[in-house]
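Here are my notes on the model, as numbered points. Please read them with the structure open.

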Protein chains: 2
Amino acid sequence: MARKNDVTKVLLDESEIPRQWYNIVADMPNKPAPNYSPMTGKLATLEEMEVIFPREIILQEGTTDRWVDIPQDVREMYRQWRPTPLYRARSLEKALGTPARIYYKYEGTNATGSHKLNTSLPQAYYNKAAGIKRLATETGAGQWGSALSLACNRFDLECTVYMVKVSYQQKPYRRSFMNTFGANVVASPSNLTNCGKSILEKDPDCTGSLGIAISEAVEDAATHSDTNYALGSVLNHVCLHQTIIGLEAKKQMEMIDEYPDVIFACCGGGSNFAGITFPFLMDKFKGSKVRAVAVEPTACPTLTKGVFAYDYGDTAKVAPITKMYTLGHDFVPAGIHAGGLRYHGDSPIVSQLYHDGIIEAQAYGQKAVFDAAVLFARTEGIVPAPESSHAIRAAIDEALKAKESGEEKAILFCLSGHGYFDFTAYDNYFSGKLEDLEYSEEAVKASINNLPKIGE
Amino acid sequence: MARKNDVTKVLLDESEIPRQWYNIVADMPNKPAPNYSPMTGKLATLEEMEVIFPREIILQEGTTDRWVDIPQDVREMYRQWRPTPLYRARSLEKALGTPARIYYKYEGTNATGSHKLNTSLPQAYYNKAAGIKRLATETGAGQWGSALSLACNRFDLECTVYMVKVSYQQKPYRRSFMNTFGANVVASPSNLTNCGKSILEKDPDCTGSLGIAISEAVEDAATHSDTNYALGSVLNHVCLHQTIIGLEAKKQMEMIDEYPDVIFACCGGGSNFAGITFPFLMDKFKGSKVRAVAVEPTACPTLTKGVFAYDYGDTAKVAPITKMYTLGHDFVPAGIHAGGLRYHGDSPIVSQLYHDGIIEAQAYGQKAVFDAAVLFARTEGIVPAPESSHAIRAAIDEALKAKESGEEKAILFCLSGHGYFDFTAYDNYFSGKLEDLEYSEEAVKASINNLPKIGE
């Protein structure tokens, strides 16, 4: 291993892949609120959940055990790309002239190019073990659909991906990727579901939305006994699976005798933020002063501008009702390029932590984000995903603050994915067509008026 | 480090990045023949070469020293992604049911997605050190242009990339990639050069070719004193730089007490083949029985069907005349998806080694190649470049032979790049549109008739 001050990347041997995920719920002073059923308006029952999820996933969703074993078969598959590298951004530091030491954990080294594979593999595993033959899911930008396609292929499950029609048409490469792994990719709205049919009857040219695609995938799962549904973020079990990111990063920081003063991660549904920060928050509950900052777009500022309340997880009101920071399920964020951050709500765990002042949040417009993305690409030689670039922006600003104050702090961020499928966004940036697309306060107010009345 | 039989990937610490490249010319029983000038038809002089290359590169082109120091600045930049991982293809082995152990060195982990960055960085470095302000080059599929763009950005050089017009139009993402790193990407033929202008006058709709793009880049370099030319394969110094691949792979194999019985690499201009095999051939000159097999497309079977003779390096007859296996500079291979293997000639060193029986060669049609690519993607979770998939095909066939004979041999191949910019090809494969596109014997015969008369 290179000397502490001289390291570019910290590599862990595959024998050091964690054997357990960390469940932060065990340590939270206030636990996340329980989920409600969209059908009954009452607490969601195991039976209701079992229509679309395998029992093992439902148990993980509710467990308060601090550690959850990673199945051996999943750990074997993790070995194909995990542990992921921890980099020190030496070239970026030099360009900024900062005394801060900037580290990033890079989750884009697997075939699907993002952290999503960390949870799609265990989800496919538990469904396979439960005798399920097929998984249905939705995808917008395509990262989650890609990750689930690969996972289903590895566990010999069929996979149906309802892809928002506008993405299906605009991102043929993402579709081809899923086809390569044998998935059936359907443009949503489709004629395969009642929900899709009724929408197409009213509007044959409908280009779809994530809300519609979720409805189709859930309906597909609920109406086929051999089929389940899989979700790529938000829920507790997804955050749990992603903690492997932070657990590895902690080991890697220790190897070079480092510990972060502050951690940044972009935050849409919250799973990559959860992944990198929760294992460090474990220390915070014991007295560590580490700061964890969720970075979101100003176009969809869920934590920084939303309310903490029960809301539907999707626009079509079929997913569980969860207590979270939300802009309201009717809120439709502007079409920023960070598609993975365009979610009206947030993970119930992340929301509770924010509500309790344990974590912080910041929001950026996409111009500032792409400035950071291009500087990062040119110095560090990795083209970042627009989502991940929110964390880069915040890390750069923290490093510039350290430059002013002369502080030698250690900054860590999660580079959750690469941007090799996002060059349309970079083209827009370079041609000056990129706009900041702020959220509308009025739209949020109107949307928040439509929250369900739960627990009142 | 995991046990020998249980390893998935072998990682080297960055402190173990080689400090010298290996120059196989020192050990070759017959040295590669010297280059001739396309202008004079005589041996190329240092002065002629200096119009487009820096002196240090020209000296490397002719050196017989066994080891050449890697400049410290280049080694620093290598650290951003090197050493690259060596993987054991355990899932692929399982799918094949072979007793063979299959290893692959993966060169797609850097931003540009291929091994090309190994040589673009030192080439930019030597040009910068020589006071050059700008580099000009050509690119077809875009991998080399991407690698040179990034390298120029890191060494603060301007970069002009003449991109074959049909690729410029069909591969906007590759163009965006180069823009992200600040390169000026020009559709070729262009109005920036006399060569381009004269072609456009005759045919305003000309979609370009690699031969034309080379001519434009060389003319640009030759007519601007602050500008040099850079080439991404074929020449001796390029092969030299790529030996870092094999030097690392040797160390990694040693770490798990392994040594390959046979090595496969795809072969277009020859640099990735050179990179992975030359450090092992060093042992072969001392008695090792390791086999090195160059794998090429049946659409452009330079080694397996060409002649060993002096020929122009490009269709426009401006590049040095080299002695190599060639199908003739007039030969236009069919439009297979492995664009990087559509070169009529081959590295003079690789050619000499093949002529002397030190290495072997095989050719495959692209259907068989994509069969292998998809099997590899589904088992190993990396979507391979069409070029690299030639090596995969050959490795799989060797593993299947081992299954028949029951041999427990060790197979190594170079996965020179990923295929995330090649989904058009995969789409064609899945939709049954992919054809094998064999070469035409008559076209080769005709083309070989036009070889220059050198040294006769």
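1. This is a predicted model. In chain B, 10 of the 13 residues of α5(B) are buried, so this helix is largely enclosed by the rest of the structure. Buried here means under 20% relative accessible area. The buried residues are L117(B), N118(B), T119(B), S120(B), L121(B), P122(B), Q123(B), A124(B), Y126(B) and N127(B).

2. The length of helix α5 (residues 117–129) of chain B checks out: at 1.5 Å a residue its 13 residues should span 18 Å, and the end C-alpha atoms are 18 Å apart, which agrees. After α5(B) comes G131(B), with a positive phi near 85°.

3. How do helices α15 and α16 of chain B pack, and at what angle? Their axes are 8 Å apart and meet at an angle of about 85°. Angles of 65 to 115 degrees count as roughly perpendicular, and α15(B) and α16(B) are therefore roughly perpendicular to each other. The helices cover residues 366–380 and residues 388–405, respectively.

4. On the α15(B) side, the contact is made by A368(B), V369(B), D371(B), A372(B), A373(B), L375(B) and F376(B). From α16(B) come S389(B), H390(B), I392(B), R393(B) and I396(B). By class, this contact has 8 nonpolar, 2 polar and 2 charged residues.

5. On the relation of the two chains: chain B superposes on chain A by a rotation of 180° with 0.0 Å of shift along the axis, at an RMSD of 0.0 Å. That is the relation of a two-fold axis. The same surface serves both copies, as 100% of the contact residues of chain B recur in chain A.

Conventions: Residues numbered from 1 in each chain as written. Chains lettered and ligands numbered in written order. Predicted model: local features only at pLDDT ≥ 70, side-chain atom pairs only at ≥ 80, totals over all residues. Heavy atoms only, no water. Axes fitted to C-alpha atoms, helices over the stretch in contact; angles between N-to-C directions. Helix = DSSP H or I, 4+ residues; strand = E, 2+ residues; numbered from the N terminus. Parallel < 35°, antiparallel > 145°, perpendicular 65-115°, else oblique. Contact = heavy atoms within 4.5 Å. Nonpolar A, V, L, I, M, F, W, Y, C, P; charged D, E, K, R; others polar. Least-squares fit on C-alpha atoms with pLDDT ≥ 70 in both. Expected span 1.5 Å × (residues − 1). Buried < 20%, exposed > 50% of the residue type's maximum accessible area, 1.4 Å probe, protein only.
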